[in-house]
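Please read it alongside the sequence and coordinates shown here.

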Amino acid sequence: MDTNSHTAFVTARDAHTDVLIVGAGPTGLMLACELALAGIRPRLVERRTEPQRNSRALTLHPRSVELMDLRGLAPRFLTRGTTRPGWHFAGLETLLDFSALDSRHGYTLFLPQARTEALLAERARELGVEVERGYEGLGLTERADGVDVELRGPDGTVEAVRARYVVGCDGGRSFVREAAGIGFPGTDETLTGVLGDFAVCDAGPAVLADARRQGIIAAPLEGGLTRFVVVDPDRMRVPSREPVTMEEFRTSLLRICGTDYGIAEPRWLSRFGNATRLADRYRSQGPDAAAGRVLLAGDAAHIHFPAAGQGLNTGLQDAMNLGWKLAAELNGWAPQGLLDSYDAERRPVGRSVTENTAVQTLLMELILVPQYRGPGTALRGLLDELLGMADVNHRLAGQVSALSIAYPPAAPDADPLVGQRMPDIGLTAAGAEAVRAYELFHEGRFVLLGLTGDTGAAERAIAGRGARVTAVTAAEHEGHPALDGVREVLVRPDGHIAWATRTADETARHAERAAALAAWAGPADVPIGG
C-alpha cells in the first residue's frame, strides 16, 4: 500500500511486538489471554473506541464452557448467565439434547456477548494485556522475519509497528485478511433477517413461546431487555446494509404474529444476512512461498448465517487452538509443523460449520417461499421426527456443541483416543487431594497423565520440559469407557489428546512416551524465549 500521504503523521517510534492481534472481540481477547498465559505479551488493538454494549451473540455452547473450565474461568461465566440443556437446529421444534453428551457442561450458557467480552477483557488485564482502542489498520507488509503494519491511532497519528506475527481477529471485513491477500471465497447473501433488543415488551413467557411457534426467536435478556429475531417473507431479500427501522420491525411482527407485543424503546436494531465464506487458508503464504507470519481466527476466517449460535463459539475454539501453538513458536520450542497444524485442524472445522449453517438456513428459508412451503413444512416435520431418535439427536448435538470435534492423528497407527477431547475424569494423585482432570490445565501446559500408579515414571519423563509439561500420576481415577486399558495420556494445552498408550511393557512405553513428548512438547532443556 502506498503510504506516502501518511508520512507526515508517522511517529518517530518504531514499535516492536511479538504478536499484534487486530480485533478485540471474543476471539481476539481469548487469544490474548492464551498468549499471555504462556509468557507472550501480545499487543491487542481494536477499531471500536468503546467496549461492546450490544448483546449480539447470546450463547456459549458446551465445548466453549469446557475451554473456560480448562483455564479455571468457568465459575466467572456460569455465575453471570443461565443454562439450558436443549438447543435448536434450524428452528425445529425438537431440540438438540446437550445434556445427553459426555461432558460436565451438557448445556448452553445463555450469556450476552457484551458480558463475554467484559469477562475476557477482565482476564486479559489480570494477565497484563490491555485493549488499545481506536486503532485502524492502514497497511500491512509481510517479510521473511516479521510483519510491518501501519496503524492509525485514536488521535489520528499513524504508527509503524513491526511484529513477529500478526493475527487477524477483526471480523468478516477483516483488514488483516485482505491486506495479506488471503482469499475469502463463498456465497453472497440471498436472505436477511432482523433482530431487535427492546426495553419495553408486553410479552410474558407464554406469549414468547407462542411467538417461537410462529418462527420468531424471542428471548429475555439481562437488564430487562427482550430480543426478537424475525425473518419476514416480505422483507427477507432486503440487503443487510439497509438500516432497520422501528416501523419495519413492528410491521413484520404484526404481519407474522398478529401482534407487535407492545415493543418499544429499542436498544439495538440490526439486519443480518446469510453470506457464507471460508478463508482459503488460516495462515498466509510468506515470501518465497514460505510459511507466513499472518494468521486468521474467528469471523476473519469464516462467516455464515447465525444458525444455532455457532459463530462466536467457533472463534473462541480457534483462539484456544492457535494460542499455545503460536506461543510455542515464539518461545523457541515448537516442533516442526506445529504452527501449521492450526490451519490443518481448524479450517476443516470452519468448513463444517459453514456447511451445517447453510443447511439450517435452507431448512428455514423453504417454508418462507410460497412454492416450497408445503414440501418444506413436510421436510421439517420429518426432520423433527428424526431428531426424536437418540442417535440422530446425539450426532447433531455433538456437531453444534463442538464436543464431537476430534483432530486427525499424525500417525495412522495412533491410539483411537488421539485427537479427541480428554474426558474430565476425577482423579487423585499420591499424597494429593482429589481433582478433576480439567483442573490440571489452568496454567496452559501439557499434562502427562499416568494411570498405572507408577509414581516416578511421568515425573522422570518430563525432565527438561517442566515449564511446558505437568506430570501427574493418578493413584486412583474415575472410570471412563474411552480410557479402558489406557496406561498413559499426553494431553495438549487445549484439552485434546496428543498421545495415548495401552502398552504394558515399560521399555516400549518409555520409547513411545519419549517420541510423543518430542513430537508435541519439543526438545528438552529449551529455555523460555528460545
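How many disulfides does a search of the whole structure find?

## Cysteines

The structure is a predicted model, and a search through the whole of it finds zero disulfides. For C169, the closest cysteine sulfur is that of C33, and because the two sulfur atoms are 12 Å apart, they are too far from each other for a bond; a disulfide would require the pair to lie within 2.5 Å. C257 is likewise in no disulfide, the nearest cysteine sulfur being that of C201, 11 Å away.

Are these cysteines buried or exposed? C169 has a relative accessible area of 10% and is buried, and C257, with a relative accessibility of 14%, counts as buried too, since the cut-off for burial is under 20%.

## Packing of helices α2 and α8

Two packed helices are described by the angle between their axes and by the distance between those axes. For helix α2 (residues 62-70) and helix α8 (residues 311-331), the angle is about 35 degrees and the axes are 9 Å apart, with α2 passing α8 in a left-handed crossing.

On the α2 side, the contact is made by R63, S64, L67, M68 and L70, while α8 contributes N313, L316, Q317 and M320. Sorted by class, the residues of this contact comprise five nonpolar, three polar and one charged.

## Strand β11 and its partners

Strand β11 (residues 158-168) has 11 residues, of which eight are buried, so this strand is largely enclosed by the rest of the structure. One of its pairings is with strand β10 (residues 146-152), in the antiparallel sense and over six bridges; within this pairing, E150 has A160 of β11 as its bridge partner. The hairpin formed by β10 and β11 has five residues between the strands, and there G156 takes a positive phi near 90 degrees.

β11 also pairs with strand β19 (residues 291-296), here in the parallel sense and over three bridges. In β19, the residue that stands opposite G168 is L296.

## The four-stranded sheet

An open sheet with antiparallel pairing is formed by four strands in the order β14-β15-β13-β16. Why is one side of β14 and of β16 left without a neighbour in the sheet? Both β14 (217-220) and β16 (264-273) stand at the edges and have a single partner strand each, so one side of each has no neighbour there. From one strand to the next, the twist averages 15 degrees.

The antiparallel pairing of β14 with strand β15 (residues 226-230) extends over four bridges, and A218 stands opposite F228 of β15. Helix α6 (residues 205-213) packs on this sheet, where it touches β14 and β15, and its direction makes about 155 degrees with that of β14.

## The three-stranded sheet

A further open sheet has three strands in the order β12-β17-β20, again with antiparallel pairing. Its edge strands are β12 (186-187) and β20 (302-303), each of which pairs on one side only. Between β12 and strand β17 (residues 276-278) there are two bridges in the antiparallel sense, and the bridge partner of T187 in β17 is T276.

Helix α9 (residues 341-366) lies across β17 and β20, and its course runs at about 170 degrees to β17.

Notes
Residues numbered from 1 in each chain as written. Predicted model: local features only at pLDDT ≥ 70, side-chain atom pairs only at ≥ 80, totals over all residues. Heavy atoms only, no water. Axes fitted to C-alpha atoms, helices over the stretch in contact; angles between N-to-C directions. Left-handed = near helix turned anticlockwise from the far one by under 90°. Contact = heavy atoms within 4.5 Å. Nonpolar A, V, L, I, M, F, W, Y, C, P; charged D, E, K, R; others polar. Buried < 20%, exposed > 50% of the residue type's maximum accessible area, 1.4 Å probe, protein only. Pairing = 2+ DSSP bridges.
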